[in-house]
Amino acid sequence: MAKTVTLQGEGFENVELPVLSGTLGQDVIDIRALSKGTGMFTFDPGFVSTASCESKITFIDGEKGLLYYRGYPIEQLAEHSDYLEVCYLLIYGELPTAEQKAEFTKIVVEHTILHEQITSFFKGFRRDAHPMAMMVGVVGALSAFYQDSLDISQPRHREIAIFRLLSKVPTIAAMCYRYEKGLPFNYPRNDLSYTANFMHMMFSVPSENYEPNPVLVRALDRIFMLHADHEQNASTSTVRLAGSSGANPFACIAAGIATLWGPLHGGANEAVLKMLDEIGDVSKVPEFMEGVKAKKYRLMGFGHRVYKNMDPRAKIMKQTCDEVLRELGLENDPKFKLAMELEKIALNDPYFIEKKLYPNVDFYSGIVLSALGIPVSMFTVIFALARTVGWISHWNEGASDASAKIGRPRQLYTGESRRDFVPVEKR
Ligand code: CMC
């Protein structure tokens with residue numbers, strides 16, 4: 001028998017609400033009939049108890065520390081797959097056959113070059129602009145350059161926009177870095193893998209040969225895989241909400257990038273490195289921890305809204321972090337030693353244990369990115385690059401749903417009651 005929940009209260013008849021079950025995870029109470037039946041709304045700031053949509057893309061169990069993309073555990077994908085294959089999986093719902101993978105890779109790799117006019121667009125920014133400021137602007141501006149794929153009611157237009165975003169976001173990301181550094185832009189190299197090409201666009205200089213180190217390419221590819229999607233987080237929810245209005249995909253992804261920029265979301269790995277710089281030395285760790293416990297500031301890279309156990313991505317990232325530091329001979333670098341000391345103390349401290357605060361993926365990804373030579377100001381850009389596929393998969397899921405409604409939350413109004421206007425001379 002179908003499960004229901006019955007609401008009783010003053011001023012309305014009993015209201016029976018259906019309980020819906022997904023494939024995995026907690027049941028949800030379908031409250032669509034609530035307002036009509038009770039004359040009331042629900043109040044849930046931060047969406048702590050609210051499922052905003054139905055989705056088939058990613059599953060998270062925060063208590064058990066599980067993360068599945070289309071049913072596949074992240075650990076298996078991180079070990080056996082690569083970023084572009086994961087992109088295919090997130091977009092189409094299945095792992096590609098060898099033929100599908102080759103065709104998908106060819107399409108993405110061959111469209112990495114940008115409309116040349118976008119180069120001039122960059123010149124409008126100040127040289128000291130934050131790379132995320134440029135990312136938001138330039139990705140949003142893609143809708144001005146690729147106007148032939150904006151009819152979102154057509155699946156083929158949506159698919160072309162998806163390819164364009166996947167192909168061109170790394171090129172834009174590398175240009176943000178090169179522009180800030182005053183270095184010439186590098187054209188993409190189609191003979192390299194997606195991730196190796198990104199490293200080439202970032203680090204290659206005209207005066208030298210650049211061959212990406214395979215261990216470092218694999219580490220970065222893994223960072224991309226681990227950040228590819230994370231169900232209805234703040235930026236993905238923003239993309240879906242923007243998409244629900246029928247806005248074009250480039251504008252929606254720009255909205256996601258803007259949301260990711262915040263330090264409590266994508267800015268966390270940048271905040272981790274800033275925090276390490278502020279602490280400065282291992283000897284200052286105990287004093288810093290006292291400040292955390294006194295709630296003067298937070299230990300960045302620790303805690304998660306959903307994972308109240310170890311973040312499964314953090315486990316994989318820690319392993320990658322060890323590999324990269326070993327490959328680059330940085331195990332004894334003071335900054336990385338300081339990070340490891342913080343991790344050790346926090347994992348054994350009752351304050352963190354009681355509050356279930358474990359290192360999240362960004363604690364380690366910040367360290368790996370820094371070891372790869374990527375400046376701190378680019379960290380959130382890398383996250384945005386990797387997350388573009390998650391955003392666009394969710395956008396596409398929303399845009400393909402003919403029954404979807406525009407997202408429009410309600411509010412609990414606590415402002416002034418009605419009052420009459422007072423002319424300025426009488427105030
Ligand atoms: N350092 C110290 N105390 C913390 C931290 C932290 N990093 N995170 C949470 N707490 C404490 C907090 O003070 C509160 O204590 P109390 O119960 O005594 O008031 C308790 O833990 C619960 O915190 P909360 O703010 O209610 O938890 P939340 O689920 O709303 O916040 C979070 C999750 C990620 C915003 C938070 O843990 C945080 O600010 N972490 C640092 C920033 C960070 O690393 N963010 C990256 C998240 S992972 C990337 C992503 O998926 O976007």
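Colleague: How many bridges join β2 to β3 in this predicted model?
Modeller: The model is predicted. Strand β2 covers residues 12-20, and β2 and β3 run antiparallel. V19 stands opposite I29 in β3. The number of bridges that join β2 to β3 is 2.

Colleague: Over how many bridges do β1 and β2 pair?
Modeller: Here too the pairing is antiparallel. T4 has P18 in β2 as its bridge partner. The bridges between β1 and β2 number 5.

Colleague: Which residue takes a positive phi in the hairpin of β1 and β2?
Modeller: This hairpin has 2 residues between its strands. Phi there is near 90° at one residue. That residue is G11.

Colleague: How many bridges join β4 to β5?
Modeller: Strand β4 spans residues 58-61 and strand β5 spans residues 66-69. The two run antiparallel. I60 has L67 in β5 as its bridge partner. The count of bridges from β4 to β5 is 4.

Colleague: Which residue in the turn between β4 and β5 has a positive phi?
Modeller: β4 and β5 form a hairpin, with 4 residues between them.

Colleague: What is the bridge partner of Y68 in β6?
Modeller: β6 covers residues 72-73 and is joined to β5 by 2 bridges, in the antiparallel sense. These two strands also form a hairpin with 2 residues between them, where R70 in the turn has a positive phi of about 50°. The partner of Y68 is P73.

Colleague: How many residues surround the ligand?
Modeller: The closest are H265, K295, R298, L299 and K355. By class, the shell has 8 nonpolar, 6 polar and 7 charged residues. The residues that surround the ligand number 21.

Colleague: What percentage of the ligand's exposed area does the protein bury?
Modeller: Start with the polar side-chain atoms. One in H304 lies 3.1 Å from an oxygen atom of the ligand. The side chain of R305 has an N or O atom 3.1 Å from a ligand oxygen, and a polar side-chain atom of K308 lies 3.4 Å from a ligand oxygen. Taken alone the ligand exposes 940 Å², and the share of that buried by the protein is 76%.

Colleague: What is the volume of the largest cavity?
Modeller: The count is 1 cavity of 30 Å³ or more. Its lining includes G303, H304, Y307, N309 and M310, and also D311, K356, Y358, P359 and N360. By class, the lining has 4 nonpolar, 4 polar and 2 charged residues. The volume of the largest cavity is about 30 Å³.

Colleague: Which helix gives the largest share of the lining of the second largest pocket?
Modeller: Three helices, α3 (83-92), α4 (98-109) and α7 (155-181), each supply at least two lining residues. The largest share is 5 residues. The helix that gives this share is α7.

Colleague: What is the volume of the second largest pocket?
Modeller: Among the residues that line this pocket are Y88, Y92, Q100, E103, F104 and I107. H111, R156, E159, I160, F163 and R164 line the pocket as well. By class, the lining has 6 nonpolar, 2 polar and 4 charged residues. The volume of the second largest pocket is about 220 Å³.

How values were computed. Residues are numbered from 1 along each chain as its sequence is written. This is a predicted model: local features need pLDDT of at least 70, side-chain atom pairs count only at pLDDT 80 or more; totals for chains, interfaces and linings use all residues. Side-chain values use heavy atoms; hydrogens and water are left out. A residue is near a molecule or strand if one of its heavy atoms lies within 4 Å of it. A polar contact is a pair of N or O atoms within 3.5 Å; within protein, one must be able to donate a hydrogen and the other to accept it, and residues adjacent in sequence count only if both atoms are side-chain atoms. Accessible areas come from the Shrake-Rupley method with a 1.4 Å probe; for residues, only the protein chains shown count as cover. Ala, Val, Leu, Ile, Met, Phe, Trp, Tyr, Cys and Pro count as nonpolar, Asp, Glu, Lys and Arg as charged, and the others, Gly among them, as polar. Two strands pair if DSSP finds at least two bridges between them. On a 1 Å grid over the protein atoms alone, a cavity is a set of points where a 1.4 Å probe fits but cannot get out, and a pocket is an open set with protein on both sides within 12 Å along at least five of seven lines; lining residues have an atom within 4 Å of a point. Grid points are joined across faces, edges and corners, and a volume is the space filled by probe spheres set on the points.
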